Amino acid sequence: AQDNDQNGRLRNFLDTYPEFNAFECVDYDERCLGHLAAIEGNLDLFHFMHKSMTTEAFEKMLLREDRWGWTVEDYALIHQHHNLLNFIRTHFSHRSC
């Protein structure tokens with residue numbers, strides 16, 4: 001329930017400020033929203049990002065490396081979020097997994 005509430009707040013924020021590109025923001029460790037969603041195992045947020053982003057932007061987000069060189073998929077694997085791994089591998093066919 002908390003994930004859905006957070007996702008709803010994110011949707012409302014993006015609707016209110018459409019010029020703000022939250023999908024391009026990174027933290028100090030150069031982790032993007034995709035990295036954080038993978039760490040938390042937030043599949044609903046992945047569905048939201050997949051619907052909200054262009055295919056090119058979604059794939060770019062999946063390939064983005066943080067300051068340690070880890071990708072979104074790496075974090076899903078490390079934290080054993082198999083549902084996210086399946087989603088990523090289903091929606092990103094350019095990478096051999």
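**Figure 1. The structure holds one cavity of 30 Å³ or more.** The model is predicted, so local features need pLDDT of at least 70 and side-chain atom pairs count only at pLDDT 80 or more, while totals for chains, interfaces and linings use all residues. Residues are numbered from 1 along each chain as its sequence is written, and side-chain values use heavy atoms, with hydrogens and water left out. On a 1 Å grid over the protein atoms alone, a cavity is a set of points where a 1.4 Å probe fits but cannot get out; lining residues have an atom within 4 Å of a point. Grid points are joined across faces, edges and corners, and the volume is the space filled by probe spheres set on the points. Phe23, Glu24, Met53, Ala57, Lys60, Met61 and Arg64 line the largest cavity. By class, this lining has four nonpolar, no polar and three charged residues. Ala, Val, Leu, Ile, Met, Phe, Trp, Tyr, Cys and Pro count as nonpolar, Asp, Glu, Lys and Arg as charged, and the others, Gly among them, as polar.

**Figure 2. Arginine 64 contacts glutamate 24 through its side chain.** Arginine 64 belongs to the loop between helix H4 (55-63) and H5. Helices (H or I, at least four residues) are DSSP runs, numbered from the N terminus. With a relative accessible area of 17%, arginine 64 is buried; buried means under 20% relative accessible area, exposed over 50%, and partly exposed in between (1.4 Å probe, protein chains only). The polar contact between the side chains of arginine 64 and glutamate 24 is 3.4 Å. Such a contact is a pair of N or O atoms within 3.5 Å; within protein, one must be able to donate a hydrogen and the other to accept it, and residues adjacent in sequence count only if both atoms are side-chain atoms. Both glutamate 24 and arginine 64 are among the residues that line the largest cavity.

**Figure 3. The largest pocket holds about 220 Å³ of space.** A pocket is an open set of grid points with protein on both sides within 12 Å along at least five of seven lines. Of the 11 lining residues, Gln6, Asn7, Leu33, Asn42 and Leu45 are the closest to the centre of the pocket. H1 and helix H2 (33-40) are the elements that give two or more residues to the lining. H1 gives the most, with five residues. The lining comprises five nonpolar, three polar and three charged residues.

**Figure 4. Helix H3 (residues 43-52) has buried residues and an N-terminal cap.** Leu45, Phe46, Phe48 and Met49 of H3 are buried. Seen down the axis of H3, these buried residues fall within an arc of 160°, so they line one face of the helix; the arc is that of the directions from the helix axis to the C-beta atoms. At the N-terminal end, asparagine 42 caps H3, with a side-chain oxygen 3.3 Å from the backbone nitrogen of aspartate 44. Aspartate 44 is partly exposed, at a relative accessible area of 33%. Lysine 51, also in helix H3, is exposed, at 71%.

**Figure 5. Glutamate 30 and glutamine 80 have positive phi values.** Most residues other than glycine have a negative phi. Glutamate 30, which is not a glycine, has a phi of about 65°. Glutamate 30 lies in the loop between H1 and H2 and is partly exposed, with 44% relative accessibility. For glutamine 80, phi is near 55°. Glutamine 80 is in the loop between H5 and helix H6 (82-91) and is exposed, with 58% relative accessibility.

**Figure 6. Arginine 89 is placed in helix H6.** Arginine 89 is partly exposed, at 37% relative accessibility. From C-alpha to C-alpha, arginine 89 and glutamate 73 are 8.8 Å apart in space, and they are 16 residues apart in sequence.

**Figure 7. Helices H1 and H5 mark the lowest and highest mean pLDDT among the elements of the protein.** The pLDDT is the predictor's confidence in each residue, from 0 to 100. Helix H1 (residues 2-16) has a mean of 75, and helix H5 (residues 72-78) a mean of 95. The protein averages 86, and 91% of the residues score at least 70.
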